[in-house]
Amino acid sequence: SEADDCPICQLPLPLDPGQSTFRMCCMKKVCDGCTLAAVKRGMRDCPFCRASVPGESQALVMIRKRVAAGDPLAIYTLGDKYYFGRYGLEKDATRAVELYERAAEL
């Protein structure tokens with residue numbers, strides 16, 4: 001499916017999660033080959049959307065903006081941040097499960 005392919009090269013993403021990177025700016029998973037190709041061209045931004053790499057607070061704002069727009073992947077990602085207590089959010093498994101369920105419904 002489309003979700004299993006790199007959005008840049010259209011090749012299947014590697015099964016090893018260490019060989020691809022999830023980009024918070026565009027909510028896309030990009031293979032490390034495309035990231036490396038971008039770096040070799042001198043590009044330090046996101047190889048897909050070309051946005052600068054966000055810090056934690058900026059990434060959280062981006063995620064919440066996508067959540068407000070009803071993006072299921074963003075809702076799931078925000079759930080992960082609550083579950084693991086990342087990006088300055090307090091660990092909250094109940095809130096995480098609510099977000100997981102909401103993402104699954106969409």
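## Ground rules

This is a predicted model, where local features need pLDDT of at least 70, side-chain atom pairs count only at pLDDT 80 or more, and totals for chains, interfaces and linings use all residues. Residues are numbered from 1 along each chain as its sequence is written, and side-chain values use heavy atoms, with hydrogens and water left out.

## Around helix H4

Helices here are DSSP runs (H or I, at least four residues), numbered from the N terminus. In H4, Ala96, Leu99 and Ala103 are buried. They share one side of H4, because they cover an arc of only 65° around the axis; the arc is taken from the directions from the helix axis to the C-beta atoms. Buried means under 20% relative accessible area, exposed over 50%, and partly exposed in between (1.4 Å probe, protein chains only).

H3 is included in what covers those buried residues of H4. On the face turned away from the buried side you'll find the exposed residues Thr94, Ala104 and Glu105. And at the start of H4, a side-chain oxygen of aspartate 92 gets to within 3.3 Å of the backbone nitrogen of threonine 94.

## Rings that pair up

The structure holds two aromatic pairs. Rings of Phe, Tyr and Trp (its six-membered ring) pair if their centres lie within 6.5 Å; planes under 30 degrees apart are stacked, over 60 edge-to-face, and the rest tilted. Tyrosine 76 and tyrosine 100 make a tilted pair, 5.2 Å centre to centre with 35° between the planes. Tyrosine 76 is in helix H3 (residues 72-84) and tyrosine 100 in helix H4 (residues 93-105), so their pair ties together parts 24 residues apart in sequence. Tyrosine 76 is partly exposed at 39% relative accessible area, and tyrosine 100 is partly exposed at 23%.

Tyrosine 83 and phenylalanine 84 have ring centres 5.0 Å apart and planes at 90°, so this pair is edge-to-face.

Notes:
Helices (H or I, at least four residues) and strands (E, at least two) are DSSP runs, numbered from the N terminus. Contact means heavy atoms within 4.5 Å. A polar contact is a pair of N or O atoms within 3.5 Å; within protein, one must be able to donate a hydrogen and the other to accept it, and residues adjacent in sequence count only if both atoms are side-chain atoms.
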